[in-house]
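Subject: the model you asked about

Hi,

Here is the structure I promised to pass on.

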Amino acid sequence: MEGATLNNLLKEYAVQGLLTGSVLIVDDELPNLAVLGSFLDGDYTVHEAGSGEEALAIAKLTPIDVVVCDQRMPGMTGVELLHNLRESGIDATGIILTGYTDTPALIAAINDAHVFRFLRKPWQPEDVLTAVSAASNSVMYQRAARRLLELLSDRTTELQRTLTELKSAQQSLLQLDRLVTTGRLAAGITHDLRNAMSSLVMVEYEVTAKLADPELVETIAVGLAGLRNLLESLETMNQYAKQKRLAMTMEYFDPSRVVRDAITVMRMDLNFRARNLVIDAPRETLPLLLGDRQKLVQVLVNLLRNAAQATKVDDRIWVTAATDARGHVCFAVEDEGPGISPEVRDRLFEAFASTKNDQGVGMGLYMSRLIVENHEGDLQCTERVGGGARFAIAIPPAELES
Ligand SMILES: Nc1ncnc2c1ncn2[C@@H]1O[C@H](COP(=O)(O)OP(=O)(O)OP(=O)(O)O)[C@@H](O)[C@H]1O
Ligand SMILES: [Mg+2]
């Protein structure tokens with residue numbers, strides 16, 4: 001790496017304190033130590049050691065840039081000392097003072113022990129100073145490169161995390177955006193529907209008053225129930241999109257009534273009527289619920305409509321209300337359709353997760369879970385024993401609420 005570029009990088013990333021300015025000199029002959037020390041003292045903080053062992057002990061306690069050591073020492077040679085320093089994770093650069101001519105063994109040691117330079121005895125003071133200064137630079141570059149690499153890898157992790165966060169933020173923004181648009185759309189339809197409904201209510205009143213054909217009265221009543229539910233659903237979506245929370249109209253009610261109301265609504269649906277419906281929702285034995293009854297009817301309608309859409313003529317659909325082991329009221333809707341495909345399973349309760357193209361928005365289960373969770377309950381999807389899908393809602397009864 002070029003010096004200027006490196007310096008710029010170091011400045012930019014505020015990398016400092018790479019050099020300690022400390023040099024460790026090691027020689028078993030004390031007069032040699034004294035002479036060497038006197039040359040280096042002016043420019044460096046000099047530490048002295050009389051043996052390899054002593055040098056190791058010092059280097060483990062004090063940060064050192066350069067080690068200048070005699071090769072021939074009793075106990076541990078210079079090359080061995082540098083090797084041991086490296087093994088101990090000490091990154092100081094080594095200079096070996098040797099009286100021998102360079103033998104192949106010493107040359108091999110250059111690689112092994114990371115000897116920066118050999119100086120032949122007798123050495124000249126300028127040679128030692130030049131070598132120590134070059135060794136200092138070398139260790140600084142090594143430390144700088146390592147530090148920059150660390151910084152880079154930190155930044156990569158940071159970048160990765162930001163990217164993931166950004167992606168999920170973008171995803172929820174997208175969902176919110178679509179939710180708001182859907183909400184606006186819903187508001188428009190709601191308005192038209194309400195007009196249509198008020199004239200229908202008039203017709204119902206007239207027809208009932210004139211004691212018309214009971215079948216006709218029933219058809220109108222069912223039609224009105226369906227419209228009311230549609231209106232409620234649209235209003236729930238619209239209001240949630242605007243305020244990001246559900247407004248609940250609280251009342252005490254019998255859970256079996258939710259099942260009956262949902263079936264009344266679903267009877268408007270020709271598909272649903274062609275299914276084989278099995279109901280098990282006993283009155284009076286179930287604990288009362290406290291919550292928004294109409295919204296829970298919407299939830300069951302969503303589940304029943306999904307079941308009808310997933311099945312064929314004469315297939316069975318089960319709807320039950322019972323008390324579970326915890327004493328919670330458990331509503332379940334099961335069908336003998338194909339079940340939930342693995343690619344849909346993970347996104348089932350996300351907004352706009354529909355596989356139905358023009359036939360579905362993918363809001364049914366999303367809104368359903370929201371409504372159930374607003375009742376402190378949970379909505380789970382499992383495979384039906386024997387094939388098909390099973391959706392179960394568990395809600396704590398009114399009596400158990402704090
Ligand atoms: N009983 C079921 N059997 C098989 N797949 C189902 C069943 N219920 C839901 N799904 C799958 O889950 C998806 C999401 O359902 P959800 O009710 O949220 O949306 P949708 O029915 O597609 O549209 P809508 O907003 O009109 O309800 C469906 O598109 C379908 O693929
Ligand atoms: Mg649906």
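In what order do the strands of the open sheet with parallel pairing run? The order of those five strands is β2-β1-β3-β4-β5. Before I go on, some housekeeping: this is a predicted model, and local features need pLDDT of at least 70, side-chain atom pairs count only at pLDDT 80 or more, while totals for chains, interfaces and linings use all residues. Residues are numbered from 1 along each chain as its sequence is written, and chains are lettered from A and ligands numbered from 1 in the order in which they are written.

Overall, the protein has 12 helices and 12 strands (DSSP runs numbered from the N terminus: H or I of at least four residues for helices, E of at least two for strands). Of its 402 residues, 28% are buried. Buried means that 20 or more other C-beta atoms lie within 10 Å of the residue's own, exposed means 12 or fewer, and partly exposed is in between, with C-beta atoms placed from the backbone. Among contacts with a separation of 6 or more, 68% are between residues 24 or more positions apart; a contact is two C-beta atoms, placed from the backbone, within 7 Å.

Strands β1 (residues 22-26) and β3 (residues 66-70) run parallel and are joined by four bridges, with L24 opposite V67 in β3. Two helices lie across this sheet. Helix α3 (residues 52-61) covers β1, β2 and β3 at about 165° to β1, and helix α4 (residues 78-87) covers β1, β3, β4 (93-98) and β5 at about 150° to β3. For the angles, axes are lines fitted to C-alpha atoms, for helices over the stretch in contact, and values run from 0 to 180 degrees between N-to-C directions.

**The mixed sheet**

There is also an open sheet of five strands with mixed pairing, ordered β7-β9-β10-β12-β11. β7 (276-280) and β11 (378-383) are at its edges with a single partner strand each, so one side of each has no neighbour in the sheet. The twist here averages 15° from one strand to the next. β11 and β12 pair in the antiparallel sense over six bridges, and E383 stands opposite A389 in β12. α8 packs on this sheet and touches β7, β9 and β10, its direction making about 160° with that of β9. α12 packs on the sheet too, touching β11 and β12, and makes about 130° with β11.

**Cores**

The largest nonpolar core has 42 residues, and V259, A262, L300, L304 and V333 have the most contacts inside it. A core here is a set of buried Ala, Val, Leu, Ile, Met, Phe, Trp, Tyr and Cys residues joined through C-beta atoms within 7 Å. Its largest share, nine residues, comes from α10. A second, separate core of 32 residues includes C69, V79, I95 and V132. As for V333, beyond its neighbours within four places in sequence, V333 contacts L300, L303, L304, A307, V319 and F391.

**Around ligand 1**

Ligand 1 is surrounded by 21 residues, of which N306, S354, G360, G364 and L365 are the closest (a residue counts if its C-beta atom, placed from the backbone, lies within 6 Å). α10 (293-310) and α12 (364-373) each supply at least two residues of that shell, and α10 gives the most, with four. α12 is mostly covered, with nine of its 10 residues buried; G364 and L365 are among them. Those buried residues pack against α7, α10, β11 and β12.

**One more residue**

E204 lies in helix α6 (residues 125-209). Not counting residues up to four places away in sequence, E204 touches I220, A221 and L224. The C-alpha atoms of E204 and T219 are separated by 9.7 Å, and the two are 15 residues apart along the chain.

Cheers

Notes:
Pairing = 2+ DSSP bridges.
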